[in-house]
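Hi everyone, thanks for coming along. Could we put the sequence and the model up on the screen, please? Then I'll walk you through it.

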Amino acid sequence: MSTEAAADPSSLVVWGGFGLAFVFGAIANRSNFCTMGAVSDVVNMGHWGRMRMWLLAIAVAIVGTNLLFHAGLIDLPKTIYQRPTLSWLSLLVGGVLFGVGMSLAGGCANKNLIRVGGGSVRSLVVLTFLAISAYMTLKGLFGQWRASVLDPVSLDLGKIGLSDQSLASLVAKITGIDAKTALMATLWVVGLALAAFAFADKRFRANATQWSAGIVIGAVVVAGWYLTGHLGFGENPETLENVYFATNTRTLESMSFVAPTAYTLELLMLWTDKSLRVTFGIATALGVIAGSLAWALASKTFRWEGFASFDDLRNQLIGAVLMGFGGVTAMGCTVGQGLTGVSTLAIGSFIALAGIVAGSAATLKYITWRAERDA
């Protein structure tokens, strides 16, 4: 490795992110990993198989991520999720709107990336509109509404003696125990409870595809934190300051797919702008597509897919716009908050996740009711 490459780990972060997302995409395609599908299974059929897979992934992500933090390998309080200002209204409203949107669109951002790899032109259109909406929420018209109406409604956790949003910090504050003990107690209680619930079902234990997928996907989230937060942290050769290389947030990141779709579209549209670079987020979005494509070709399940009807087109595009706005406002999607954010034990991530599940469940109930009414 050259001295320049060793001093600048950007390539390692980008290619490492692509490789992790490749695994994520392939495994998610093979196991039909889908949060919206999991919620739909529970709401419409009372079947918990895919939900248990998702909860197991969360358990693995929580335990692994916080063990890295406990070992001093990553600095979780520097993530966007653990900032001491809790913008609870943005997180809740964004989560609900994302949940509504993914139900209308038939899947979240991650599921649409997987479908693109499987040959879905429909999902490519959905992702394009999602990316436009997300970019407008980051830097455009929607962003002005978010910043002026939703974000100001927040809680300053510093006023109650908390330096971050970690649930473990709250436990330490309430109980009076030291921070490290509170962290270990919280991560094991939450992680083991989720894992125990997942494996409590005999059918789930017998389904090696589902439980192994849950473990691998959770581990990918942990590896993403290690990649950007440890291997990708170092001295910038130009400024001589310690920085996180090749991340859009300029701090450590792991899997998240709403804002990265916006940055991917920006890069494609402004390719000659030398200030823009491929980042970890962009690489992971592309990696999921590539991994899903590889599995689709290997399993001979690749097929071209379009919109079924005008009503389908309308619902998918409305859902895409809601997901773009909601995902950025809530600082993440079913993966960005539901796995990555929750893995940090951030209070705000649990709020966003609750909003996503509630919005999705309510929309699915409404869709079922309307279908039965019109039958």
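Let's start with a charged pair: Lys78 and Asp75 form a salt bridge, with their closest N and O atoms 3.7 Å apart. By salt bridge I mean a side-chain nitrogen of Lys or Arg within 4 Å of a carboxyl oxygen of Asp or Glu. Lys78 is partly exposed at a relative accessible area of 42%, and Asp75 is partly exposed too, at 27%. For those labels, buried is under 20% relative accessible area, exposed is over 50%, and partly exposed lies in between, with a 1.4 Å probe and protein chains only.

A quick word on what we're looking at. This is a predicted model, where local features need pLDDT of at least 70 and side-chain atom pairs count only at pLDDT 80 or more, while totals for chains, interfaces and linings use all residues. Residues are numbered from 1 along each chain as its sequence is written, and side-chain values use heavy atoms, leaving out hydrogens and water.

Back to the charges. Which residue does Lys139 meet in a salt bridge? The partner is Glu266, at 3.4 Å from N to O. This pair links distant parts of the chain, 127 residues apart: Lys139 sits in helix H7 (residues 121-139) and Glu266 in helix H13 (residues 259-269). Helices here are DSSP runs of H or I with at least four residues, strands are runs of E with at least two, and both are numbered from the N terminus. Lys139 counts as exposed at 54% relative accessibility, whereas Glu266 counts as buried at 11%.

Two more for your notes. Asp201 and Arg203 form a salt bridge with closest N and O atoms 4.0 Å apart, and Arg203 is exposed at 59%. Arg122, Glu305 and Asp312 are joined in a network of salt bridges. Searching the whole structure gives 9 salt bridges.

Now to helix H3, residues 35-45. Its buried residues are Thr35, Met36, Gly37, Ala38, Val39, Ser40 and Asp41. What covers them? Helices H4 (49-70), H5 (88-105) and H17 (347-374) are among the elements that do, where contact means heavy atoms within 4.5 Å. Just after H3, Gly46 takes a positive phi of about 70°.

Leaving aside residues up to four places away in sequence, Gln165 touches several others, including Tyr81, Arg83, Leu157, Leu345 and Gly348. Pro84 is 81 residues from Gln165 in sequence, yet their C-alpha atoms are 5.6 Å apart.

Finally, the whole chain. It has 17 helices and 4 strands. The radius of gyration, taken over C-alpha atoms, is 20 Å, close to the 21 Å that the globule rule gives for 375 residues, so the chain is as compact as a globular protein of that length; the rule is 2.2 Å times the number of residues to the power 0.38. The C-alpha trace spans about 60 × 55 × 45 Å along its principal axes. Of the 375 residues, 50% count as buried. Among contacts with a separation of 6 or more, 78% come from residues 24 or more positions apart.

That's my tour, so over to you for questions!
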